[in-house]
Amino acid sequence: MNIHIPTPLRAYTGGLETVSVAGTTVSSVFQQLTVQYPELKPHLFTPEGKLRSFVNVYLNDDDIRYLPNKEETAANDSDELTIIPSIAGGTSCRL
Amino acid sequence: MPTAIEETVELPKLSNDEIARYSRHLILPEVGMEGQQKLKAAKVLCVGTGGLGAPLALYLAAAGVGTIGLVDFDTVDASNLQRQIIHSTATVGKLKVDSAEIMLKGLNPTVKVIKHNTMLTSANALEILKDYDVIADGTDNFQTRYLVNDACVLLNKPNAYGSIFRFEGQASVFGTKEGPCYRCLYPEPPPPGLVPSCAEGGVLGILPGLVGVIQATETIKLILGIGEPLIGRLLLVDALGMSFRTLKLRKNPECPVCGPNPTVTELIDYDQFCGITPPSEVGPLEVARDKAVTDLPVVDGIPQISVQELKRKLDAKEDVFVLDVREPHEYKIVNLGAPLIPVGEIALRTAELADKKDSEIVVHCKSGARSQRAALALKQAGFTNVSNLTGGILAWADKIDPSLPKY
(Lines give C-alpha, C1' and ligand atoms only; values in the text may rest on other atoms or scores of the structure.)
Protein backbone atom coordinates (compact mmCIF):
# COMPACT_ATOMS: atom_id res chain seq x y z
CA MET A 1 0.00 0.00 0.00
CA ASN A 2 1.04 3.60 -0.45
CA ILE A 3 2.23 5.74 2.42
CA HIS A 4 2.34 9.50 1.97
CA ILE A 5 5.46 10.93 3.55
CA PRO A 6 5.29 14.57 4.68
CA THR A 7 8.01 17.02 3.68
CA PRO A 8 9.87 17.05 7.01
CA LEU A 9 10.35 13.28 6.86
CA ARG A 10 11.28 12.97 3.20
CA ALA A 11 14.90 13.47 4.14
CA TYR A 12 14.71 9.91 5.46
CA THR A 13 13.01 8.34 2.45
CA GLY A 14 15.43 9.60 -0.17
CA GLY A 15 13.09 12.47 -0.99
CA LEU A 16 10.16 10.24 -1.89
CA GLU A 17 6.68 11.64 -1.33
CA THR A 18 5.01 8.26 -1.61
CA VAL A 19 6.49 4.93 -0.69
CA SER A 20 4.92 1.56 -1.31
CA VAL A 21 5.08 -1.00 1.45
CA ALA A 22 3.50 -4.43 1.98
CA GLY A 23 1.54 -5.32 5.09
CA THR A 24 -1.85 -6.50 6.33
CA THR A 25 -2.36 -4.15 9.26
CA VAL A 26 -1.38 -0.55 9.90
CA SER A 27 1.25 -1.62 12.39
CA SER A 28 2.78 -4.25 10.08
CA VAL A 29 2.94 -1.67 7.30
CA PHE A 30 4.79 0.68 9.64
CA GLN A 31 7.06 -2.11 10.74
CA GLN A 32 7.96 -2.74 7.12
CA LEU A 33 8.35 0.98 6.43
CA THR A 34 10.94 1.37 9.17
CA VAL A 35 12.78 -1.73 7.94
CA GLN A 36 12.93 -0.18 4.48
CA TYR A 37 13.83 3.28 5.84
CA PRO A 38 15.49 2.73 9.23
CA GLU A 39 16.27 6.43 9.69
CA LEU A 40 12.53 7.13 9.92
CA LYS A 41 12.13 5.02 13.01
CA PRO A 42 13.21 7.45 15.74
CA HIS A 43 11.03 10.13 14.17
CA LEU A 44 7.92 7.98 14.25
CA PHE A 45 8.32 5.74 17.27
CA THR A 46 9.46 6.11 20.87
CA PRO A 47 12.30 3.86 22.06
CA GLU A 48 9.53 1.69 23.53
CA GLY A 49 8.05 1.25 20.08
CA LYS A 50 4.98 3.45 20.57
CA LEU A 51 3.92 5.82 17.83
CA ARG A 52 4.98 9.31 18.92
CA SER A 53 2.17 11.53 20.12
CA PHE A 54 3.01 14.40 17.79
CA VAL A 55 2.75 12.14 14.76
CA ASN A 56 -0.71 11.54 13.39
CA VAL A 57 -1.43 8.65 11.11
CA TYR A 58 -4.44 8.58 8.85
CA LEU A 59 -5.74 5.45 7.17
CA ASN A 60 -7.50 6.95 4.16
CA ASP A 61 -9.47 9.78 5.80
CA ASP A 62 -9.51 8.44 9.35
CA ASP A 63 -7.22 9.08 12.26
CA ILE A 64 -6.12 5.60 13.39
CA ARG A 65 -6.39 6.70 17.04
CA TYR A 66 -10.16 6.71 16.57
CA LEU A 67 -10.47 3.44 14.67
CA PRO A 68 -11.76 0.57 16.85
CA ASN A 69 -8.62 -1.51 16.38
CA LYS A 70 -6.21 1.44 16.18
CA GLU A 71 -2.80 0.30 14.88
CA GLU A 72 -4.08 -3.21 14.41
CA THR A 73 -6.67 -2.11 11.85
CA ALA A 74 -6.55 -4.27 8.74
CA ALA A 75 -5.19 -2.57 5.65
CA ASN A 76 -5.05 -3.65 2.05
CA ASP A 77 -3.23 -2.49 -1.05
CA SER A 78 -5.88 0.00 -2.12
CA ASP A 79 -5.74 1.83 1.21
CA GLU A 80 -3.56 4.85 1.76
CA LEU A 81 -1.70 5.87 4.86
CA THR A 82 -0.81 9.51 5.49
CA ILE A 83 1.61 10.69 8.13
CA ILE A 84 0.84 14.16 9.48
CA PRO A 85 3.60 15.62 11.62
CA SER A 86 3.48 18.80 13.67
CA ILE A 87 4.79 21.77 11.78
CA ALA A 88 4.98 25.19 13.33
CA GLY A 89 6.33 27.47 10.66
CA GLY A 90 4.83 30.81 9.89
CA THR A 91 7.97 32.20 8.42
CA SER A 92 11.14 30.42 7.56
CA CYS A 93 13.77 29.53 10.06
CA ARG A 94 16.92 31.58 10.14
CA LEU A 95 19.46 29.23 11.54
CA MET B 1 -23.22 28.70 11.01
CA PRO B 2 -23.64 31.69 13.34
CA THR B 3 -21.42 34.72 12.97
CA ALA B 4 -18.32 34.91 15.14
CA ILE B 5 -18.92 38.54 16.07
CA GLU B 6 -20.97 39.59 19.07
CA GLU B 7 -24.52 39.84 17.80
CA THR B 8 -25.61 42.17 20.56
CA VAL B 9 -23.70 45.07 19.08
CA GLU B 10 -25.59 47.22 16.67
CA LEU B 11 -23.93 46.91 13.29
CA PRO B 12 -22.11 50.07 12.17
CA LYS B 13 -23.44 51.97 9.17
CA LEU B 14 -21.49 52.14 5.92
CA SER B 15 -20.61 55.53 4.45
CA ASN B 16 -21.16 56.23 0.77
CA ASP B 17 -17.43 55.89 0.21
CA GLU B 18 -17.48 52.51 1.87
CA ILE B 19 -20.44 51.40 -0.21
CA ALA B 20 -18.47 52.31 -3.33
CA ARG B 21 -15.35 50.58 -2.06
CA TYR B 22 -17.08 47.32 -1.15
CA SER B 23 -19.52 47.18 -4.06
CA ARG B 24 -18.26 43.77 -5.23
CA HIS B 25 -19.09 42.40 -1.80
CA LEU B 26 -22.40 44.19 -1.56
CA ILE B 27 -23.71 42.68 -4.77
CA LEU B 28 -22.90 39.17 -3.49
CA PRO B 29 -26.07 38.07 -1.72
CA GLU B 30 -24.00 35.98 0.72
CA VAL B 31 -22.29 39.15 1.94
CA GLY B 32 -24.59 42.08 1.13
CA MET B 33 -25.01 45.16 3.32
CA GLU B 34 -25.40 43.20 6.51
CA GLY B 35 -22.33 41.07 5.84
CA GLN B 36 -20.22 44.10 5.05
CA GLN B 37 -21.43 45.73 8.26
CA LYS B 38 -20.46 42.57 10.15
CA LEU B 39 -16.99 42.82 8.64
CA LYS B 40 -16.79 46.45 9.71
CA ALA B 41 -17.84 45.50 13.25
CA ALA B 42 -15.40 42.59 13.40
CA LYS B 43 -12.15 42.59 15.36
CA VAL B 44 -9.53 40.11 14.21
CA LEU B 45 -6.17 39.49 15.87
CA CYS B 46 -3.30 38.39 13.63
CA VAL B 47 -0.68 36.67 15.75
CA GLY B 48 2.50 37.30 13.80
CA THR B 49 2.98 39.57 10.80
CA GLY B 50 5.33 37.21 9.02
CA GLY B 51 4.78 34.99 6.01
CA LEU B 52 1.27 33.95 7.00
CA GLY B 53 0.21 37.14 8.76
CA ALA B 54 1.21 39.37 5.85
CA PRO B 55 -1.30 38.25 3.21
CA LEU B 56 -3.82 37.46 5.91
CA ALA B 57 -3.87 40.98 7.35
CA LEU B 58 -3.75 42.60 3.90
CA TYR B 59 -6.79 40.70 2.66
CA LEU B 60 -8.68 41.34 5.88
CA ALA B 61 -7.99 45.06 5.53
CA ALA B 62 -9.00 44.98 1.86
CA ALA B 63 -12.20 43.14 2.74
CA GLY B 64 -13.20 45.82 5.21
CA VAL B 65 -12.60 44.11 8.54
CA GLY B 66 -13.01 47.08 10.87
CA THR B 67 -10.37 46.35 13.48
CA ILE B 68 -7.17 44.40 12.90
CA GLY B 69 -4.86 43.67 15.80
CA LEU B 70 -1.24 42.78 15.07
CA VAL B 71 1.05 40.97 17.49
CA ASP B 72 4.74 41.00 16.66
CA PHE B 73 7.89 42.10 18.41
CA ASP B 74 10.29 41.69 15.54
CA THR B 75 11.72 44.20 13.10
CA VAL B 76 11.67 43.92 9.32
CA ASP B 77 14.70 42.25 7.81
CA ALA B 78 15.60 42.18 4.12
CA SER B 79 15.30 38.38 4.17
CA ASN B 80 11.62 38.71 5.15
CA LEU B 81 10.66 40.38 1.90
CA GLN B 82 10.78 37.19 -0.18
CA ARG B 83 7.36 36.36 1.32
CA GLN B 84 6.20 38.94 3.87
CA ILE B 85 4.43 41.22 1.44
CA ILE B 86 2.99 43.47 4.13
CA HIS B 87 6.48 44.91 4.59
CA SER B 88 8.60 46.62 1.99
CA THR B 89 12.13 47.61 1.16
CA ALA B 90 11.47 51.07 2.57
CA THR B 91 10.53 49.68 5.99
CA VAL B 92 13.51 47.37 6.53
CA GLY B 93 14.69 47.96 10.10
CA LYS B 94 11.33 49.27 11.33
CA LEU B 95 9.16 47.43 13.84
CA LYS B 96 7.01 44.93 11.99
CA VAL B 97 3.82 46.25 13.56
CA ASP B 98 4.67 49.78 12.38
CA SER B 99 5.65 48.58 8.93
CA ALA B 100 2.47 46.51 8.62
CA GLU B 101 0.34 49.44 9.73
CA ILE B 102 1.75 51.61 6.95
CA MET B 103 0.79 49.03 4.32
CA LEU B 104 -2.65 48.30 5.80
CA LYS B 105 -3.54 51.98 6.14
CA GLY B 106 -2.30 52.61 2.62
CA LEU B 107 -4.59 49.89 1.32
CA ASN B 108 -7.58 50.88 3.43
CA PRO B 109 -7.38 54.02 5.57
CA THR B 110 -10.65 53.26 7.37
CA VAL B 111 -9.30 50.12 9.02
CA LYS B 112 -8.41 50.49 12.67
CA VAL B 113 -5.01 48.91 13.36
CA ILE B 114 -4.16 47.99 16.95
CA LYS B 115 -0.48 47.31 17.41
CA HIS B 116 0.76 44.93 20.06
CA ASN B 117 4.51 45.29 19.82
CA THR B 118 5.19 42.48 22.23
CA MET B 119 5.85 38.79 22.45
CA LEU B 120 2.67 36.88 23.22
CA THR B 121 3.16 35.16 26.60
CA SER B 122 1.09 33.35 29.19
CA ALA B 123 1.06 36.58 31.17
CA ASN B 124 -0.46 38.78 28.47
CA ALA B 125 -2.25 36.46 26.02
CA LEU B 126 -5.70 36.40 27.62
CA GLU B 127 -5.66 40.17 28.06
CA ILE B 128 -4.66 40.73 24.43
CA LEU B 129 -6.97 38.12 22.88
CA LYS B 130 -10.10 38.85 24.89
CA ASP B 131 -11.25 41.87 22.87
CA TYR B 132 -11.13 40.13 19.50
CA ASP B 133 -13.76 38.06 17.71
CA VAL B 134 -11.47 35.80 15.70
CA ILE B 135 -7.81 34.93 16.26
CA ALA B 136 -5.63 34.05 13.28
CA ASP B 137 -2.53 32.15 14.34
CA GLY B 138 0.38 32.67 11.98
CA THR B 139 3.28 32.20 14.37
CA ASP B 140 6.42 30.23 13.75
CA ASN B 141 7.01 28.13 16.84
CA PHE B 142 5.36 25.45 18.91
CA GLN B 143 5.24 27.39 22.18
CA THR B 144 3.10 30.13 20.69
CA ARG B 145 0.96 27.58 18.82
CA TYR B 146 -0.01 25.89 22.09
CA LEU B 147 -0.34 29.22 23.88
CA VAL B 148 -2.71 30.64 21.23
CA ASN B 149 -4.66 27.39 21.15
CA ASP B 150 -5.17 27.22 24.89
CA ALA B 151 -6.02 30.91 25.16
CA CYS B 152 -8.59 30.57 22.35
CA VAL B 153 -10.20 27.55 24.04
CA LEU B 154 -10.26 29.28 27.43
CA LEU B 155 -11.79 32.43 25.91
CA ASN B 156 -14.01 30.52 23.49
CA LYS B 157 -12.61 32.30 20.42
CA PRO B 158 -12.24 30.63 17.03
CA ASN B 159 -8.66 30.26 15.84
CA ALA B 160 -8.01 30.35 12.09
CA TYR B 161 -4.87 28.25 12.10
CA GLY B 162 -2.21 28.02 9.41
CA SER B 163 1.24 26.50 9.38
CA ILE B 164 3.90 25.88 6.77
CA PHE B 165 7.09 23.93 6.23
CA ARG B 166 9.11 24.21 3.04
CA PHE B 167 6.52 23.24 0.40
CA GLU B 168 3.78 22.02 2.67
CA GLY B 169 1.02 23.76 4.57
CA GLN B 170 -1.76 23.02 7.01
CA ALA B 171 -4.88 24.99 7.84
CA SER B 172 -7.82 24.45 10.13
CA VAL B 173 -10.19 26.25 12.48
CA PHE B 174 -9.62 25.36 16.10
CA GLY B 175 -11.02 26.53 19.39
CA THR B 176 -14.74 26.42 18.63
CA LYS B 177 -17.14 24.73 21.03
CA GLU B 178 -18.25 22.14 18.50
CA GLY B 179 -14.85 21.36 16.99
CA PRO B 180 -11.47 20.04 18.06
CA CYS B 181 -8.54 22.16 19.15
CA TYR B 182 -4.86 22.02 18.21
CA ARG B 183 -4.19 19.77 21.20
CA CYS B 184 -6.77 17.26 19.98
CA LEU B 185 -4.63 16.89 16.87
CA TYR B 186 -1.24 17.18 18.57
CA PRO B 187 -1.49 16.46 22.32
CA GLU B 188 2.21 17.13 22.74
CA PRO B 189 4.85 19.06 20.84
CA PRO B 190 7.79 17.24 19.32
CA PRO B 191 10.89 17.39 21.47
CA PRO B 192 13.27 20.09 20.26
CA GLY B 193 15.66 18.83 17.64
CA LEU B 194 13.75 15.71 16.69
CA VAL B 195 11.66 17.22 13.94
CA PRO B 196 14.00 18.48 11.26
CA SER B 197 14.03 22.18 11.76
CA CYS B 198 16.08 25.10 10.71
CA ALA B 199 18.96 23.13 9.24
CA GLU B 200 16.68 21.85 6.53
CA GLY B 201 14.30 24.78 6.79
CA GLY B 202 13.48 27.43 4.31
CA VAL B 203 10.16 27.99 2.67
CA LEU B 204 8.92 28.62 -0.82
CA GLY B 205 7.96 32.30 -0.68
CA ILE B 206 4.48 31.96 -2.16
CA LEU B 207 3.45 29.09 0.12
CA PRO B 208 2.69 31.27 3.17
CA GLY B 209 0.73 33.46 0.74
CA LEU B 210 -1.39 30.49 -0.23
CA VAL B 211 -1.95 29.34 3.35
CA GLY B 212 -2.35 32.86 4.79
CA VAL B 213 -5.07 33.58 2.25
CA ILE B 214 -6.82 30.37 3.31
CA GLN B 215 -6.69 31.65 6.90
CA ALA B 216 -8.14 34.97 5.73
CA THR B 217 -10.90 33.12 3.88
CA GLU B 218 -11.79 31.13 6.98
CA THR B 219 -11.72 34.27 9.12
CA ILE B 220 -14.11 36.06 6.80
CA LYS B 221 -16.44 33.05 6.63
CA LEU B 222 -16.47 32.93 10.42
CA ILE B 223 -17.37 36.63 10.61
CA LEU B 224 -20.06 36.37 7.97
CA GLY B 225 -21.36 33.05 9.26
CA ILE B 226 -21.39 31.55 5.78
CA GLY B 227 -20.13 28.35 4.19
CA GLU B 228 -18.41 25.46 5.85
CA PRO B 229 -15.41 26.58 7.88
CA LEU B 230 -12.55 24.14 8.42
CA ILE B 231 -13.90 23.18 11.84
CA GLY B 232 -13.08 19.53 12.45
CA ARG B 233 -11.10 19.34 9.24
CA LEU B 234 -7.41 19.71 8.51
CA LEU B 235 -6.50 21.03 5.09
CA LEU B 236 -3.17 19.78 3.78
CA VAL B 237 -1.57 21.79 1.02
CA ASP B 238 1.30 20.42 -1.04
CA ALA B 239 2.61 23.20 -3.24
CA LEU B 240 4.88 20.95 -5.30
CA GLY B 241 2.17 18.45 -6.20
CA MET B 242 -0.36 21.30 -5.99
CA SER B 243 -2.63 18.95 -4.16
CA PHE B 244 -5.14 19.89 -1.50
CA ARG B 245 -6.59 17.28 0.86
CA THR B 246 -8.82 17.60 3.86
CA LEU B 247 -8.76 15.09 6.68
CA LYS B 248 -11.38 14.67 9.38
CA LEU B 249 -10.32 15.81 12.82
CA ARG B 250 -12.01 14.51 15.94
CA LYS B 251 -12.48 16.26 19.20
CA ASN B 252 -10.36 14.25 21.63
CA PRO B 253 -12.61 13.26 24.56
CA GLU B 254 -9.50 13.26 26.73
CA CYS B 255 -8.20 16.60 25.50
CA PRO B 256 -6.59 18.37 28.48
CA VAL B 257 -7.92 21.76 27.33
CA CYS B 258 -11.16 21.36 25.39
CA GLY B 259 -12.30 17.95 26.67
CA PRO B 260 -15.11 17.51 29.21
CA ASN B 261 -12.64 17.12 32.07
CA PRO B 262 -9.92 19.64 31.33
CA THR B 263 -6.72 19.59 33.33
CA VAL B 264 -5.38 22.77 31.73
CA THR B 265 -7.72 25.49 32.97
CA GLU B 266 -5.32 28.40 32.80
CA LEU B 267 -2.34 29.24 30.67
CA ILE B 268 0.83 27.30 31.52
CA ASP B 269 4.55 27.70 30.92
CA TYR B 270 4.74 26.85 27.22
CA ASP B 271 8.52 26.99 27.00
CA GLN B 272 8.67 24.30 29.62
CA PHE B 273 5.86 22.37 27.92
CA CYS B 274 7.80 22.42 24.67
CA GLY B 275 11.04 21.55 26.45
CA ILE B 276 12.99 24.59 25.38
CA THR B 277 14.78 27.47 26.97
CA PRO B 278 12.66 30.61 27.06
CA PRO B 279 12.98 32.80 24.01
CA SER B 280 14.68 36.11 24.47
CA GLU B 281 12.95 39.41 23.89
CA VAL B 282 15.29 40.13 21.04
CA GLY B 283 15.34 38.26 17.81
CA PRO B 284 12.96 35.76 16.34
CA LEU B 285 11.68 32.92 18.44
CA GLU B 286 13.12 30.23 16.26
CA VAL B 287 16.58 31.64 16.81
CA ALA B 288 15.91 31.64 20.51
CA ARG B 289 14.73 28.05 20.36
CA ASP B 290 17.63 26.69 18.37
CA LYS B 291 19.82 29.48 19.44
CA ALA B 292 23.35 29.89 18.44
CA VAL B 293 25.52 29.05 21.38
CA THR B 294 27.00 32.25 22.70
CA ASP B 295 29.55 33.65 25.05
CA LEU B 296 30.25 30.55 27.09
CA PRO B 297 33.84 29.35 26.86
CA VAL B 298 32.83 25.68 26.93
CA VAL B 299 29.38 24.25 26.19
CA ASP B 300 28.78 20.53 26.83
CA GLY B 301 32.51 19.97 26.70
CA ILE B 302 32.98 21.82 23.41
CA PRO B 303 35.16 24.96 23.53
CA GLN B 304 33.51 27.93 21.83
CA ILE B 305 35.87 29.94 19.69
CA SER B 306 35.20 33.47 18.42
CA VAL B 307 35.63 34.48 14.79
CA GLN B 308 38.37 36.89 15.87
CA GLU B 309 40.27 34.06 17.53
CA LEU B 310 39.90 31.82 14.49
CA LYS B 311 41.12 34.66 12.26
CA ARG B 312 44.14 35.12 14.52
CA LYS B 313 44.95 31.40 14.37
CA LEU B 314 44.62 31.29 10.58
CA ASP B 315 46.73 34.43 10.15
CA ALA B 316 49.37 32.93 12.45
CA LYS B 317 49.32 29.81 10.24
CA GLU B 318 48.47 27.65 13.20
CA ASP B 319 47.59 24.09 12.29
CA VAL B 320 43.83 24.38 12.53
CA PHE B 321 41.37 22.43 10.39
CA VAL B 322 38.14 24.30 9.62
CA LEU B 323 35.08 22.19 8.78
CA ASP B 324 31.81 23.52 7.35
CA VAL B 325 28.75 21.45 8.35
CA ARG B 326 26.03 23.30 6.45
CA GLU B 327 24.11 21.95 3.45
CA PRO B 328 25.58 22.02 -0.08
CA HIS B 329 23.05 24.62 -1.28
CA GLU B 330 24.11 26.93 1.55
CA TYR B 331 27.76 26.39 0.66
CA LYS B 332 26.97 27.70 -2.82
CA ILE B 333 25.63 30.95 -1.34
CA VAL B 334 28.77 31.72 0.62
CA ASN B 335 31.65 29.76 2.12
CA LEU B 336 35.02 30.18 3.80
CA GLY B 337 36.69 27.64 1.54
CA ALA B 338 36.54 24.96 4.21
CA PRO B 339 35.67 21.35 3.37
CA LEU B 340 31.97 20.54 3.67
CA ILE B 341 30.29 17.66 5.49
CA PRO B 342 26.62 18.38 6.27
CA VAL B 343 25.78 17.92 9.94
CA GLY B 344 23.46 15.00 9.17
CA GLU B 345 26.30 13.05 7.56
CA ILE B 346 29.01 13.67 10.14
CA ALA B 347 28.54 10.44 12.04
CA LEU B 348 28.74 8.39 8.82
CA ARG B 349 31.70 10.21 7.33
CA THR B 350 34.20 10.45 10.20
CA ALA B 351 36.50 8.11 8.26
CA GLU B 352 37.19 11.00 5.87
CA LEU B 353 38.65 12.89 8.81
CA ALA B 354 40.64 9.99 10.23
CA ASP B 355 43.94 11.88 10.00
CA LYS B 356 42.45 14.74 12.02
CA LYS B 357 41.71 12.73 15.18
CA ASP B 358 44.06 14.79 17.28
CA SER B 359 44.26 17.94 15.16
CA GLU B 360 42.59 21.14 16.20
CA ILE B 361 39.25 21.19 14.38
CA VAL B 362 37.00 24.25 14.27
CA VAL B 363 33.49 23.45 13.10
CA HIS B 364 31.23 26.14 11.67
CA CYS B 365 27.72 26.44 10.26
CA LYS B 366 25.51 29.44 9.57
CA SER B 367 25.17 30.75 13.11
CA GLY B 368 26.64 28.18 15.47
CA ALA B 369 23.92 25.72 16.51
CA ARG B 370 24.36 22.94 13.97
CA SER B 371 28.13 23.14 14.30
CA GLN B 372 27.75 22.60 18.05
CA ARG B 373 25.83 19.38 17.32
CA ALA B 374 28.46 18.35 14.79
CA ALA B 375 31.25 19.09 17.27
CA LEU B 376 29.54 16.89 19.86
CA ALA B 377 29.23 14.10 17.29
CA LEU B 378 32.92 14.39 16.42
CA LYS B 379 33.90 14.37 20.05
CA GLN B 380 31.82 11.26 20.58
CA ALA B 381 33.55 9.67 17.60
CA GLY B 382 36.90 10.11 19.34
CA PHE B 383 38.12 13.45 17.99
CA THR B 384 40.06 15.06 20.80
CA ASN B 385 40.35 18.74 19.93
CA VAL B 386 37.12 20.06 18.45
CA SER B 387 35.77 23.56 18.97
CA ASN B 388 32.70 25.37 17.71
CA LEU B 389 32.82 28.70 15.89
CA THR B 390 30.55 31.07 17.76
CA GLY B 391 28.09 32.82 15.47
CA GLY B 392 29.13 30.80 12.42
CA ILE B 393 29.70 32.28 9.00
CA LEU B 394 27.29 35.12 9.78
CA ALA B 395 29.60 36.32 12.54
CA TRP B 396 32.54 35.95 10.17
CA ALA B 397 30.73 38.16 7.65
CA ASP B 398 29.86 40.66 10.39
CA LYS B 399 33.20 40.93 12.10
CA ILE B 400 35.93 39.67 9.78
CA ASP B 401 34.92 39.94 6.14
CA PRO B 402 32.03 42.36 5.51
CA SER B 403 32.28 41.68 1.78
CA LEU B 404 30.61 38.29 2.32
CA PRO B 405 26.85 38.04 1.73
CA LYS B 406 24.62 37.13 4.67
CA TYR B 407 21.59 34.91 4.16
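In chain A, 54% of the contacts with a separation of 6 or more are between residues 24 or more positions apart. Two residues are in contact if their C-beta atoms, placed from the backbone, lie within 7 Å. This is a predicted model: local features need pLDDT of at least 70, side-chain atom pairs count only at pLDDT 80 or more, and totals for chains, interfaces and linings use all residues. Residues are numbered from 1 along each chain as its sequence is written, while chains are lettered from A and ligands numbered from 1 in the order in which they are written.

**The two chains**

Chain A has two helices and five strands. Their order along the sequence is β-β-α-α-β-β-β. The radius of gyration of chain A is 13 Å, close to the 12 Å from the globule rule for 95 residues, so chain A is as compact as a globular protein of that length. The radius is taken over C-alpha atoms, and the rule is 2.2 Å times the number of residues to the power 0.38. Helices (H or I, at least four residues) and strands (E, at least two) are DSSP runs, numbered from the N terminus.

Chain B has 15 helices and 13 strands. For its 407 residues, a compact globule would have a radius of gyration near 22 Å; chain B has 24 Å, which agrees. Its C-alpha atoms fill a box of roughly 75 × 50 × 40 Å along the principal axes. Of the contacts in chain B between residues at least 6 apart in sequence, 68% join residues at least 24 apart.

Buried residues make up 36% of the 95 residues in chain A. In chain B, the share is 47% of 407 residues. A residue is buried if 20 or more other C-beta atoms lie within 10 Å of its own, exposed if 12 or fewer, and partly exposed in between.

**Helix H4 of chain B**

H4(B) is mostly covered, with nine of its 11 residues buried. Among them are B:Pro55, B:Leu58 and B:Ala61. The buried residues pack against several elements of chain B, including strand E1 (43–47), H5 and helix H9 (206–224). B:Gly64 follows H4(B) and has a positive phi, near 95°.

Two packed helices are described by the angle between their axes and the distance between the axes. Axes are lines fitted to C-alpha atoms, for helices over the stretch in contact, and angles run from 0 to 180 degrees between N-to-C directions.

| Pair | Angle | Axis distance |
|---|---|---|
| H4(B) and H5(B) | about 30° | 9 Å |
| H4(B) and H9(B) | about 40° | 7 Å |

H4(B) and H5(B) are therefore roughly parallel. H4(B) and H9(B) are therefore oblique. Angles under 35 degrees count as roughly parallel, over 145 as roughly antiparallel, 65 to 115 as roughly perpendicular and the rest as oblique.

On the H5 side, B:Ala57, B:Leu58, B:Ala61 and B:Ala62 meet B:Ala100, B:Met103, B:Leu104 and B:Leu107. This contact has eight nonpolar, no polar and no charged residues. On the H9 side, the H4(B) residues include B:Gly53, B:Tyr59 and B:Ala63, and the H9(B) residues include B:Gly209, B:Gln215 and B:Ile220. That contact divides into nine nonpolar, five polar and no charged. Ala, Val, Leu, Ile, Met, Phe, Trp, Tyr, Cys and Pro count as nonpolar, Asp, Glu, Lys and Arg as charged, and the others, Gly among them, as polar.

**A loop residue**

B:Thr350 lies in the loop between helix H13 (328–333) and strand E12 (360–364) of chain B. B:Thr350 is partly exposed, with 18 other C-beta atoms within 10 Å. Its C-alpha atom is separated by 7.5 Å from that of B:Leu378, 28 residues apart along the chain.
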